[in-house]
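Biologist: Can you take me through this one? I have the sequence and the coordinates open.
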Amino acid sequence: MRRLFLRNDFSGYPLRKDFNMDPERNMYSTEDDIEIDTTTEWYLTDSGDLKSVSHSLFTDDDFVVNIGPQHPSTHGVLRLQTILDGETVKHIYPHLGYIHRGIEKLCENFTYPQTLALTDRMNYLSAMMHRHALVGVIEEGMGIELSDRIMYIRTIMDELQRIDNHLLYTACCAQDLGALTAFLYGMRDREHVLNVMEETTGGRLIQNYYRIGGLQADIDPNFVSNVKQLCKYLRPMVQEYLDVFGDNVITHKRFEGIGTMNEADCINYGVTGPAGRASGWKNDVRKYHPYAVYDKVDFEEITLTHGDSMDRYYCHIQEIYQSLNIIEQLIDNIPTGEFYLKQKPIIKVPEGQWYFSVEGASGEFGVYLDSRGDKSAYRMKFRPMGLTLVGAMDKMLRGQKIADLVTTGAALDFVIPDIDR
Amino acid sequence: MFDFSIVAKWFDNLLRVTCGLGDFWVILIECVLVGLAILLAYALLAIVLIFMERKVCAYFQCRIGPVRVGWWGTLQVLADVLKMLVKEIFVVDKADKLLYYLAPFLVIVASVGTFSFLPWNKGAEILDFNVGIFLVTAISSIGVVGIFIAGWASNNKYSVLSAMRGAVQMISYELSLGLCIISAVILTGTMQISGIVEAQTGPWQWLIFQGHIPAVLAFIVFCVAGNAEANRGPFDLAEAESELTAGYHTEYSGMGFGFYYLAEYLNLFVVSGLAATVFLGGWAPINIGIEGFDTVMNYIPGILWFLGKTFFVVFLLMWIRWTFPRLRVDQILNLEWKFLMPLSLIILVLMTICVAFNWTFTIV
């Protein structure tokens, strides 16, 4: 066991209710963090005593390379302490928390409407889905029945956001493999998706669109025609990514059999989303715990068999088509009605515990809410999508090359602010 | 065809006879002038190549590239060079200082050295030995040492990894590069660069036509190996920016880094230039055996032919770079040792057979 998000010299456990929040005792430290090269294992002896034993992370002979915290291929501030034997990876220790903002702790002090602002900033590529899970759990707690219009628009927005994420994902896969041209093709088309969303939400990265009880604003008058145009435009473009990058022989050589994880391990490690579905694990929240109007639309859950980086890439590509299908089914039938159900000025959730999960772009994103009937949560817990993916990287990559670390990281599709919270 | 040696002889005479200078002074003045010309051409070509790369990759990627500085962005690279020149050279505290400073010079020496062998025009080969092409491959190997030393001296783990990769890759690909050149030498019967080009004048006499199948294969292998030798994508493992940040030159700044940058682009030019010289006839114009056509072609100066062919190959290599993803280190070595190297040996045998039985393509 070692500190996951906080500094090694931090004392206490901030999420415990008896933690002293006195600002004097929690000053910001300007000292360098202590680097601990050991990890502690705790166990109970037969007589019931709690004993600890210390393991060192690496030996003196090991060649240790820190991939990150500032590294182009980690897509953020993740530090992977990698032990190498030549070019071969022996072990990976992820060190997290470089962008830890204590969102869960903040949520305990914010009122419910205030907490909404935080989720968009976790995985900014799944901003809509994250917000959907948060408003979903609060609405469930308050027992709000949403109008059809709200649910339709939320579904469309979620899928647009998924396309946005998947386009960036396919682009970044290309970039991490050194194919900058394919990267810019993806970015070019992502602009179109963002333009469509921007007209309604006003945001491009941080969307701020869902509210407790509905939406921030009604859809733009041009939204329907823009979305239709976008769907028509995107379908042939996806084939272009495959032509220029996905079906390239070098891509296949780099992706096939890299970062493989079988279905059982995916379940054990909690590798959800396209990464898990690539190994055959049927885990799509949209199918098995439908929310919004996902039970009314007809779409396919993409599952593949190999569980390697290539299948993860193909899974994302095919999900773009599925998202387009969903949008096309809904966009013509958005019912009329209220886009926002008026709530009381002070929102309080009755006492109880709820969990609401949505299918984020790269996995299941869940929010657990423990309410004591106040205007702020007693405990708010987020299940991030990327944390389990990063946790599984060590298992996936042992014995493979350092270049495969980059490939696997790219194919897994994690975003750091979402892991660190 | 204009023969540049007329100018050279006239200038030599001017110094010797008209000015009455002794051997020492004549050679000194001539060497300094030629050296200046080489360095000037080196710097100018680097600027042209960098500008070309930025524009070419921009158009591949649906962008327009630099457009703000100067007309159509033409002064952008000059501005970048200026910036590079005034930047502080920042030394890593724990670097091996001597090797750290030495490495960029080795790289630039190898690059300028090979650059000087290129045949610019008839009679304008600057270095022209009887083992010229052989010496080019020898000098280009110094570059590997520069890269290896840079990686080692920087005292940075990424750099060490990158240096290992660079050394392994460049040493391996030198083999097939050399073998392809040898098969060309078999065909021309000389290692002197002026001789190789001379053998390619006349109708359909470029090696790629003369040596038909083996020569075309050799040209392709040469381009692939040359691309790897110049450390460019999809073989840019040594500086794979998504894996090793910037590889062996991570810790260099200012002109230290500038030298690597220069050398990278000039190596691209040298490799393309060699490919153009050995397979596409260097400064030799295209002749097809029809008198009128040939005469017109012969009026085009040799330097234009040479630059045209070289930039054609440069464009090919840029096209490859901006299309393909990067290979992995073991795949690169597989490609070399299991495919290219046996293939170039087969080409060598084929070429020998062709020459021995006189199956070359020649119109007399």
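Biologist: Start with Ala292(A). Buried or exposed?

Modeller: Keep in mind that this is a predicted model. Ala292(A) has 22 other C-beta atoms within 10 Å, so it counts as buried; the cut-off for that is 20 or more.

Biologist: Where in chain A is Ala292(A)?

Modeller: In the loop between helix 10 (285-288) and helix 11 (309-331) of chain A. The phi of Ala292(A) is near 45°, a positive value in a residue other than glycine.

Biologist: And Cys62(B), buried or exposed?

Modeller: Cys62(B) is exposed, because it has 11 other C-beta atoms within 10 Å and 12 or fewer counts as exposed. Cys62(B) also has a positive phi without being a glycine, near 60°. Look for Cys62(B) in the loop between helix 2 (23-60) and helix 3 (76-86) of chain B.

Biologist: What is the secondary structure of chain B?

Modeller: Chain B has 14 helices and zero strands.

Biologist: How many of the residues of chain B count as buried?

Modeller: 44% of the 364. As for contacts in chain B between residues at least 6 apart in sequence, 79% of them join residues at least 24 apart.

Biologist: Pick a helix. What span should helix 4 of chain B have?

Modeller: Helix 4 covers residues 97-115 of chain B, and its 19 residues should span 27 Å at 1.5 Å a residue. The end C-alpha atoms are 28 Å apart, which agrees.

Biologist: Where does helix 4 of chain B bend?

Modeller: At Ala103(B), by about 25°. A proline, Pro104(B), follows within four residues. Both Ala103(B) and Pro104(B) are buried, and other buried residues in helix 4 of chain B include Tyr100(B), Leu106(B), Ile108(B) and Phe115(B).

Biologist: What covers the buried residues of that helix?

Modeller: For helix 4 of chain B, the cover includes helix 2, helix 5 (132-153) and helix 11 (254-279) of chain B.

Biologist: Now the contact between the chains. How many residues does it take from each?

Modeller: 23 from chain B and 25 from chain A. On the chain B side, the elements that give two or more residues are helix 10 (241-244) and helix 14 (329-356) of chain B. That side divides into nine nonpolar, six polar and eight charged residues.

Biologist: Over to chain A. How many buried residues are there in strand 2 of chain A?

Modeller: Strand 2 of chain A (residues 50-56) has seven residues and is hardly covered. Strand 2 of chain A runs antiparallel to strand 1 (residues 38-44) of chain A, and seven bridges join them. One bridge to look at pairs Glu41(A) with Val53(A) in strand 2 of chain A.

Biologist: Which residue takes a positive phi in that hairpin?

Modeller: Gly48(A), with phi near 90°. The hairpin of strand 1 and strand 2 of chain A has five residues between the strands.

Biologist: What about strand 9 of chain A, how many of its residues are buried?

Modeller: Seven of the nine in strand 9 (residues 363-371) of chain A, so that strand is largely enclosed by the rest of the structure. Strand 9 of chain A pairs in the antiparallel sense with strand 8 (residues 352-360) of chain A over nine bridges, and a hairpin joins these strands through two residues. Ser357(A) has Gly366(A) in strand 9 of chain A as its bridge partner.

Biologist: Which residue in strand 10 of chain A is the bridge partner of Val367(A)?

Modeller: Phe382(A). Strand 10 (residues 379-383) of chain A pairs with strand 9 of chain A over five bridges, in the antiparallel sense.

Biologist: Last one. How many residues of helix 3 of chain A are buried?

Modeller: 14 of 16, so helix 3 of chain A is largely enclosed by the rest of the structure. Just after helix 3 of chain A comes Gly143(A), with a positive phi of about 70°.

Technical notes. Residues numbered from 1 in each chain as written. Chains lettered and ligands numbered in written order. Predicted model: local features only at pLDDT ≥ 70, side-chain atom pairs only at ≥ 80, totals over all residues. Contact = placed C-beta atoms within 7 Å. Nonpolar A, V, L, I, M, F, W, Y, C, P; charged D, E, K, R; others polar. Expected span 1.5 Å × (residues − 1). Bend = angle between axes of the 7 residues up to and from the residue. Pairing = 2+ DSSP bridges.
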